[in-house]
Amino acid sequence: MAIPVIDFSKLNGEERAKTMAQIANGCEEWGFFQLVNHGIPEELLERVKKVCSEFYMLEREEGFKNSGPIRLLNELVEKKKGEKLENVDWEDVITLLDDNEWPSKTPGFKETMAEYRKELKKLAEKVMEVMDENLGLPKGHIEKAFNDGEGDNAAFFGTKVSHYPPCPHPELLNGLRAHTDAGGVILLFQDDKVKGLQIWKNGEWIDVQPLENSIVINTGDQIEVLSNGRYKSVLHRVVASPDGNRRSIASFYNPSLKATIEPAPQLVEKDKKDDDEEVVVQTNYPKFVFGDYMSVYAEQKFLPKEPRFHAVRAV
């Protein structure tokens, strides 16, 4: 079983209806799908691979050798108890935002990643428009909700550059523990040789197969809420590997922390027996401020998602 692979360029041709249906299926049945022919130049993607690999070797590799995960793993191996490190991830990660400090020692890194982020943001907006259409929502509904009606730049757009180095004892810990993503639409440019990403479906872990220069899309918790549960955020993890240094570049289009998130009115069932009776609204999720949700998520990221929706303060 493999996650869907969708040719995004066919949205503009005779196969538009079929492609829209494939994306709907990816959102409803999988929560993950891969886009090919997505419009991001291959030349740019090749530069991204190059500068990120060079960045890790130049600026991160030495530091990882002295990091907490390595120290904890070595201590566990010395004890020979056969336990697992349950609360540790075998991951080196930095986050790129428009207003934080970026690495500066790797030639071409800043320029290439700034160009890449612009392209990814445009792709995220196109994917959200497709979701709007498939859900029967007005064009721009999801993007407007994420921006909280404050214009185009209120929403959060961040990029995590992660590496999962070879692990001498991959059976003793995770690359990244199982979780769902808190935010909206996630766009992943993953390693096209070293696998490791898995999603939970039908009671088993399924590999997200490496596919050269594809972009993996997954839906976060806020898309689940906005769609009133029609689209699901899906549990996923990264498995540590003894071979290869897996590169993973994930970009997150999330709501503004001030944004109020709730199921779209068009997707909420209303029960009304006759003219005199009050309308009863059937929603599966509370209405909340995204910043409040993130406060809960920070404490419960690696726990089941359903209690988070009920723990957040409703507005």
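This report describes the pockets, strands and loops of a predicted model.

**The largest pocket**

The largest pocket holds about 530 Å³ of space. It is lined by 31 residues, and those closest to its centre are Lys160, His179, Asp181, Phe252 and Lys301. By class, the lining of the largest pocket is made up of 16 nonpolar, 10 polar and 5 charged residues. Several elements contribute at least two residues each to this lining: strand 5 (156–164), strand 7 (176–179), strand 8 (185–190), strand 12 (236–238), strand 13 (246–254) and helix 7 (290–300). Strand 5 gives the largest share, with 6 residues.

**The largest cavity**

The structure also holds 1 cavity of 30 Å³ or more. The space in the largest cavity is about 40 Å³. Its lining consists of Tyr164, Pro165, Val194, Lys195, Val239, Ala240, Ser241, Asp243, Gly244 and Arg246.

| Space | Volume | Lining by class |
|---|---|---|
| Largest pocket | about 530 Å³ | 16 nonpolar, 10 polar, 5 charged residues |
| Largest cavity | about 40 Å³ | 5 nonpolar, 2 polar, 3 charged residues |

**Strand 8 and its partners**

Strand 8 is one of the elements that supply the pocket lining. It is largely enclosed by the rest of the structure, because 6 of its 6 residues are buried. In a regular strand, side chains alternate between the two faces of the sheet. In strand 8, Val185, Leu187 and Phe189 point one way, while Ile186, Leu188 and Gln190 point the other way. The residues of both sets are buried.

Strands of a sheet are paired through backbone hydrogen bonds, in either a parallel or an antiparallel sense. Strand 8 pairs with strand 11 in the antiparallel sense over 4 bridges. Within this pairing, Leu188 stands opposite Val216 of strand 11. Strand 8 is also joined to strand 13 by 6 bridges, and these two strands run antiparallel. Here the bridge partner of Leu187 is Ser251 in strand 13.

Another part of the model is an open sheet of 4 strands, arranged in the order 7-12-9-10 with antiparallel pairing. Strand 7 and strand 10 (204–207) are the edge strands, and each pairs on one side only. From one strand to the next, the twist averages 25 degrees. Strand 9 (residues 197–201) pairs with strand 10 in the antiparallel sense over 4 bridges. Ile199 is placed opposite Ile206 in strand 10.

**Helix 7**

Helix 7 supplies at least two residues of the pocket lining. The buried residues of helix 7 are Phe290, Gly291, Tyr293, Val296 and Tyr297. Among the elements that cover these buried residues are strand 7, helix 6 (221–226), strand 13, strand 14 (260–261), strand 17 (288–289) and helix 8 (306–311).

**Two loop residues with positive phi**

Asn213 is not a glycine, yet its phi is positive, at about 60 degrees. Asn213 sits in the loop between strand 10 and strand 11 (215–219). Asn213 counts as buried because its relative accessibility is 5%, and the cut-off for buried is under 20%.

Asn228, in the loop between helix 6 and strand 12, also has a positive phi, near 55 degrees. Its relative accessible area is 11%, so Asn228 is buried.

How values were computed: Residues numbered from 1 in each chain as written. Predicted model: local features only at pLDDT ≥ 70, side-chain atom pairs only at ≥ 80, totals over all residues. Heavy atoms only, no water. 1 Å grid on protein atoms, 1.4 Å probe; cavity = no way out; pocket = protein on both sides within 12 Å on 5 of 7 lines; lining within 4 Å. Points joined across faces, edges and corners; volume = space filled by probe spheres on them. Nonpolar A, V, L, I, M, F, W, Y, C, P; charged D, E, K, R; others polar. Buried < 20%, exposed > 50% of the residue type's maximum accessible area, 1.4 Å probe, protein only. Contact = heavy atoms within 4.5 Å. Pairing = 2+ DSSP bridges. Axes fitted to C-alpha atoms, helices over the stretch in contact; angles between N-to-C directions.
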